Amino acid sequence: MTGLDDGLVVLTGAGISRESGLATFRDPGGVWSQVRLEDVATPEAFARDPGRVHAFYNARRRQLADPAIAPNAAHRALAELERVWRGPFLLVTQNVDDLHERAGSVALLHMHGRLRVSRCIHCGTTHGADTDLSVRTACPGCGRTGGMRPDVVWFGEMPREMERIEAALDRCRLFVAIGTSGSVYPAAGFAAQVRGRARTVELNLEPSGGRFDEGRYGPATGVVPEWVESLTRR
């Protein structure tokens, strides 16, 4: 039995933002069924056709800025869980959207980067990116053009903050995976990494096929708040 004083790591994927109106990636009809990831989500794609890559991420950034896109009950439940949790708490998201922040989450790491941030490949500085980027966009840091890219982790690049994530996994006694397919590493290996010393829970639309001590299945806006309530009322 785990309690509010134990270490907790929560991992979220695209499934938690689905009910906010953002598309998932690997589901039927998801993003990667409509566009080849090799064309828009690799360093090679950006070097080959930066205009196409910018167009893809500009569209996603504009969608995220739509007033209709807002945190849902699952995002809000995790923010509330963080507020009442007494032990070490870390929310790790694979999502590049900012819905967790908007819901109030603070102890948060974006292991795959953030859509509303740009990075200059020339000088390495990062900057806010709420408008479209193009090959003509000048870096606010060094002034050069042609090098501003979305600050997201592309295929073939290393996820962010892995040392902090590994440290949190090492001390956690409860690990929860929410809305993730369980097919993208290293995140897909987190549950196995803590198995035997931490309780593992999957909250998902349907089972991912991974091994968890507990699973609750259905829309995130239902199962996540219900699970949070069951955990905090003990």
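1. Two strands count as paired if DSSP finds at least two bridges between them. Strands (E, at least two residues) and helices (H or I, at least four) are DSSP runs, numbered from the N terminus. In that sense V176 has V201, in β8, as its bridge partner.

2. The model is predicted: local features need pLDDT of at least 70, side-chain atom pairs count only at pLDDT 80 or more, and totals for chains, interfaces and linings use all residues. Residues are numbered from 1 along each chain as its sequence is written, and side-chain values use heavy atoms, with hydrogens and water left out.

3. Strand β8 spans residues 199-204. Strand β7 (residues 174-178) pairs with β8 in the parallel sense, over five bridges. β8 is also joined to strand β9 (residues 214-217), again running parallel, by four bridges. In this second pairing N204 has Y217 of β9 as its bridge partner.

4. How many of the six residues of β8 are buried? Five are, and the strand is mostly covered. Buried here means under 20% relative accessible area, exposed means over 50%, and partly exposed lies in between (1.4 Å probe, protein chains only).

5. Strand β2 (residues 89-93) has five of its five residues buried, so it is largely enclosed by the rest of the structure. Both of its faces are covered: F89, L91 and T93 are buried on one side, L90 and V92 on the other.

6. The pairings of β2 involve strands β1 and β3. Strand β1 (residues 8-12) is joined to β2 by five bridges and the two run parallel; L8 stands opposite F89 in β2. With strand β3 (residues 108-110), β2 pairs in the parallel sense over three bridges, and T93 stands opposite H110 in β3.

7. A three-stranded open sheet has the order β5-β4-β6, with antiparallel pairing. β5 (126-128) and β6 (148-152) are its edges; each has a single partner strand, so one side of each is left without a neighbour in the sheet. From one strand to the next, the twist averages 45 degrees. Angles run from 0 to 180 degrees between N-to-C directions, and axes are lines fitted to C-alpha atoms, for helices over the stretch in contact (heavy atoms within 4.5 Å).

8. Within this sheet, strand β4 (residues 113-120) and β5 pair in the antiparallel sense over three bridges. S118 stands opposite H127 in β5. Which helix lies across β4 and β6? Helix α3 (residues 50-65) does, running at about 135 degrees to β4.
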